Every structure is written in C-alpha cells, then in structure tokens.
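Hello,

Here is the structure we spoke about. Please have a look, then read the notes below.

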Amino acid sequence: MSDPLFEAMRQSIIDGAPDKAVELAQQALAQGLDPLQAVNLGFAVGITFAGEQFGCGEMFLPDLLASAEAMQAAIKTLEPEMLKRGSERKALGKIVLGTARGDIHDIGKNLVATILSAGGFQIFDLGTSVTPEQFVAKAKEVDADIVGVSALLTTTMAGQKAVIEALDRNGLRPRVKAIIGGAAVTSKWAAEIGADGYSRNAIDALELAKNLMGKVDSKDMNKRTALA
Amino acid sequence: MLDPETLEARPSETRDLVRIVQVTETLPQFAAQSTAVVCSDALLSNSLLYNDACNGKHAPGAIADLYRLLVVLQHSDKPVVTGSFSAAGLEGMIDLLAADSGSPDRLRQQPRAVFDVCPSPPLNWSEFGSHNLIDLARAGVPAEIVSMPLAGGTAPVTLAGSVTQHAAEVLAGITLHQLAAPGAPIVWGGAPAIFDMRTGGAPMGAVETAMLNMACAEVGKHLGLPTHGYLVATDSKLVDAQAGAESARSAMLGALAGINMISGAGMLESLARFSVEKLVIDAESIASAYRLARGIEIGSDKVPSETLATAMFAQIGLSGEFLKLKETRALFRQEQHLPSPVIDRSARGSEPASDVLTRARTRVDELVSKYRKPSLSEDVLRKFQAIVDREADRAAVEEAESGKNVGVAQATK
Ligand code: B12
C-alpha cells in the first residue's frame, strides 16, 4: 500500500514511536477510516517487518520491544471503534506460558512471550516455578490453544513431562497443544514425553505456534498481514 | 556435552562427569574440581548409580545435585566447587561433605567445598537462594555469591550500572549470611555478563563480560574479600578459533585483575555445553595466564641473576651459545611455560598439520590413562550410601506428593 497514511503508520511501528502511532491512529479515526484497515494495511505491516528484521539480526531486542509497545498503543487507540463496528481483531490463538516447577530461569520464556505476542498471539504468562496444576487451571480458565513450558535445568525438565501428563489427565489434549523449550531440551526429549512441539529459540517458537494453529506461514506479506 | 566424535551436543552422563574429573585431577592448572555437569542418566532413565557403594539404587531427579557431588567426591582429591538446585537439597550435600571430612566439625575447620549461591537479578534474593546462604553459614561451609547481572537485560545497560547492581546483590547476600552466623566464610563471587541484544543470551566470551568480572572483583578486593568470577568460557558451540580466542583472552584478563578463583574452563555455548577437549586446551591458556601474572622476574632464589644479564653475556661472549649456560638450564622452566603437545609448536612435519581438537582428544586419552582413583575407606562409603539412601527416599516422597496434587498416577518415577 502506498497510501502515505498507511506508510506513516508502518514507519511509526518500525521506529518504535508509540506517541506517533497513537497520533496516526487518532487521525485515521477522525477521517472515518475502518480501524481494522488501519491495522492490517498500516500498523501490522510495520510489526511484521520489525519481526522479520529481528529474525535476521538487523533489528535488536530493545528496538523490537519498542515496536511492540508502539503497536500496542495503536491498537489500544483503535480498539473502542473496532468494538463499536464489531470488527474485533482476533488473536491468532491463546497461549499459556510458564517455567517448570522448581525452576526460576525466565529470560528465554519472556523472550518467547514477547515474540509470540508481537506475532499476534494472546499470552498468559504464569511466571516461574509453575506447578502442573497451575498450568491446567489457567488453560481451562482462558480456554487456551497452546500451553508452553520452559525448563533450563536438567532436573526441572521432568516438570515439562508432568505438565503434559496433567493436561492429558484432565482431558485437555489433543485440543490443547503442549510445546516445550529451554537450553537442555532436545527434540528427542520432546518426542519422549509426547510434546506437540519444541523450539530452540523464540523466532522458531512463533513459527511452531502458527503451525500448530494450522496457520501455516506464507512468504506472501499481504496474506501474513491479514492474519496478524 | 559436546561429543568429540560427532561434534554434536548430547545430554551429559555420569561417564562424562567422571572423565572431566579424571582430566582435572591430573592437571596442576586446576586448583579445584567443579561438579561441572548434571548427569542425565542418573535422573531420567533411572539407571544404576555409577559407583559400587550405591549399586542398585536409583537416583530421583530431585537429588541430581547430591548425585554429582557424590561422583566427584569418589573420584577427586581436589577442593570442590559445587551448588545445590533446591533449598531442601543442601542438607544432604553438607552431610556428604561431613562424611568425607570425618565429621561436621572437621568440615567446618577445613571445608573441602565451596557452594555457588545465586541472587535473582535485579536486586532480589529468592527463597531458595536465601535458605542456601543461611544453611551454609550455619554449617560453616563457604558460600560463593554468584550474582549474574546481565547488562541491558536484567541489569542497567551501562557496565558501571551493572557493577553497582552486582555489588548491591552480593552485599545483601553477605548481610543475610553474616547475620545467620557472624564470621562464616564467604566469597565475593559473580558471573556478570552483558545481555545479547539479538538472542537474549549471556555472552560469556564478550570482552565486556570480562571487563565486568574484572570490575566486580575490584570492588570485592577493595572490601578485603576473596574474589571469584566466571571467565575462560566461550559462546561458540564447537572447539574452534572463537572458543580459543574468547577463553584465552578472558583467562588473561582475569589473571591481570588478580581474581582469586575463576570458574568456566571447558564451557561452550554460554555455559550450556561442556567439552573435555576444551578443558585441556583451556588448561594451556590458564598456564599462560599464570605466567603472565607472574611477570618478568630476575632469576630465582636458587639461581640469582641480574637485570641486565651481564654475567651471561660475559661468559658467552659473541659465540651465542646460551643453550650451554648453567643459568639457562636452571631457569628455563621458570622463565617459560612449557606447553603440552596440545599447543602446536612442533617442527614442520607431514602435511596437513594436525588441528587442535585432534591433539586435544589425544591429550585427554593420555591424561585419563594417567589418572588414579583415590581410595575412600569403607566406612566413608557406607556413610555416603546411607545419606544417598535417605535423600533418595525423601525425594521420592516429595515427588509422589507433588504428583498427587495434580492427580498424576503414583507410578511416576
Ligand atoms: C542467566 C542464567 C541464570 C540466571 C537466571 C536469571 C533469570 N531471570 O532467568 C540466574 C543467575 C538467576 C541463574 C540461576 C541458576 N542457574 Co542458571 N543459567 C543462566 C544461563 C547462563 C543463561 C540462561 C538464559 O537466560 N539464556 C538466554 C535465553 C534467551 O535462552 P534460553 O533460556 O535457552 O531460551 C531460548 C530457547 O531455549 C527457547 N525457549 C526457552 N523456553 C522456551 C519455552 C517454549 C515453550 C519454547 C517453545 C521455547 C523456549 O527460546 C528462548 C529464546 O530464544 C544458563 C546457561 C545457558 N547458556 O543456558 C545457566 C544454567 C541454565 N543455569 C544453571 C544452574 C545450575 C543454575 C542454578 C541451579 C545455580 C545455583 N546453584 O544456584 C540456579 C537455578 C536455581 C533454580 N532452582 O532455578 C545450569 C543448568 C545445568 C543443568 N543442565 O541443569 C546452566 C546450564 C549453567 C551451567 N552450566 O551451570 N541462572
């Protein structure tokens, strides 16, 4: 889209400028533009681009976080009008995340949450040292699509297995998918405990989650935007 | 573990830890032995404990910290650097050390091990960390406070700001520790690093990480405390040029800063991967760093010489036969670090020349064949057995109970 307004919206996200994004969102509302269009043709193009730039190492974490913040600010401004028009922007899916019982490492898990959320998922982060029953309760409460368990210690990897067993026991799987990650986690371990997926880093986690939702990514930008 | 044959990472097992100990025991560069890796075979596949004393016993996952200490105590005579993975895990580990020393009092008088205890950045002490500090202080076993600010991620992006956070976290820990038992032994430790802005990782091989370690140690020295840092590690996943460059560089910097204890040798992938081959290469960097720290000296107590070496010039004249001088023979071992064949200084031979990983593999095999297992008395082994049995039962009960909470069948291992 070469419309200068959409172009400016895209740029405000890439620049990580929440004030500018809000200003542009307000401008769009004042012009009577469909807010969903503002998102899909403007802001979301920016966040997708930022995600890609981050993925190939051209953009850095502080930049990406600023882009995500700008995106959130824009959406927040547009939301009331979207609700009014019944054109609510749907999240790609709901993901419950947490670090396994007995484990306090959370840097990787937080990064996964950031990338998944920037990629269009709704995240429910339970924090660190989360018990299987807490995972199950949250998954039920929010009607989650995916449960993600991080574990950095060899000893707490057993907690990932416990979560999967608890999901099974509560009849949540196979509808709810279980994904795992963390430094010591291997594909072999993921297979052994019957996880639905595993990834080595946050970017792959986004692809994984999209695949599990049946939203296979296409290189086609417009199609991607429509999903975001 | 980096498998030296396939060059792929695989979960570490008891045999890996034993091999690490065997190599460390035979290398004088290493003043202490680390319980370097977690043994996955003792945890997840429920295989037999490695040693004869505990033959037939399974090790539940919750005692992985105790298990690796057990393996090290059975194979090493050196001081030990270790740490527990939970609040409840520490007691068994201290009991094990007391059995090794003869009694809790003997352990207190001459502790064999130091325990790493981590605050949770920024500026937080978890219940687990706090418990460990207090219990160690009361047992009189040294604690090493390993504060790990990651500059820009879990700490201020400025290096100076991260040094400040490190000091605050360690001082808070020392306060807790000293209130529990005034005068209890403590080490001003740390694993400060920068935060990688692309991956969120902790780049242990970065020069800024080394700078942070140097600066944090300087604060500890100012306070008159023994210091510790995490260096000689790399972010590379293979034993390659990057691994060598980063590890050797930080070894030098650590030595120049006068840090008393340095952890990290043998480690790849920002501390997530271990290589025994890298350990023997790092040993050469460490020897070089020791050499550097010693500086340029003038002779020795036994063979004094003068700064300008005029006596040596006078004896040899213009003949150039310095090799013949008794001073040369008496002093060259002190003047030069004589590397093992891991370092290639060989005369030109057949092509292609060997690479460092190949030489390191050979060196590891040689050292392992030189290693002799220390013998522990049957009495000590029986005590070990009883402690491991007790802790395994405790862990099994805890595991069953937490299983009950989620309605997981009791049959889980
Ligand atoms: C930073 C760190 C800490 C910090 C944690 C701060 C925090 N808020 O998280 C502190 C200092 C507090 C710490 C404490 C401890 N640590 Co620590 N720590 C590390 C270190 C150096 C880096 C971890 C990290 O943040 N990496 C960066 C992130 C971005 O990577 P990541 O976590 O792997 O996540 C990525 C992927 O794995 C994946 N991913 C992660 N989670 C998930 C989840 C899902 C669903 C998916 C799909 C993907 C995914 O995507 C992420 C983003 O790309 C690692 C070594 C290492 N390189 O892994 C040791 C390490 C994990 N720690 C270790 C240990 C032993 C401990 C302690 C027990 C030490 C002690 N004695 O007190 C305690 C833990 C206590 C406890 N009960 O939890 C060991 C574990 C050994 C083992 N095999 O079990 C390691 C390997 C270091 C070592 N060799 O000794 N640690």
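How far is a nitrogen atom of the ligand from an N or O atom in the side chain of A:S150? The distance is 2.8 Å. That is a polar contact (a pair of N or O atoms within 3.5 Å). A:T154 also has a side-chain N or O atom 2.8 Å from a ligand nitrogen. For A:H105, a polar side-chain atom lies 2.8 Å from a nitrogen atom of the ligand.

This is a predicted model: local features need pLDDT of at least 70, side-chain atom pairs count only at pLDDT 80 or more, and totals for chains, interfaces and linings use all residues. Residues are numbered from 1 along each chain as its sequence is written, chains are lettered from A and ligands numbered from 1 in the order written, and side-chain values use heavy atoms, without hydrogens and water.

The ligand site: 42 residues are around the ligand (a heavy atom within 4 Å). A:H105, A:D106, A:S150, B:S270 and B:L271 come nearest. Chains A and B both supply residues around the ligand, so the site is shared between chains. Helix α5(A) gives the largest share of the shell, 4 residues. Helices here are DSSP runs of H or I, at least four residues; strands are E runs of at least two.

The sheet: chain A has an open sheet of 5 strands, order β2-β1-β3-β4-β5, with parallel pairing (at least two DSSP bridges between two strands). Its edge strands are β2 (122–125) and β5 (197–198) of chain A. β1(A), residues 94–99, pairs with β2(A) over 4 bridges. A:K94 stands opposite A:Q122 in β2(A).

Best wishes

How values were computed:
A polar contact is a pair of N or O atoms within 3.5 Å; within protein, one must be able to donate a hydrogen and the other to accept it, and residues adjacent in sequence count only if both atoms are side-chain atoms.
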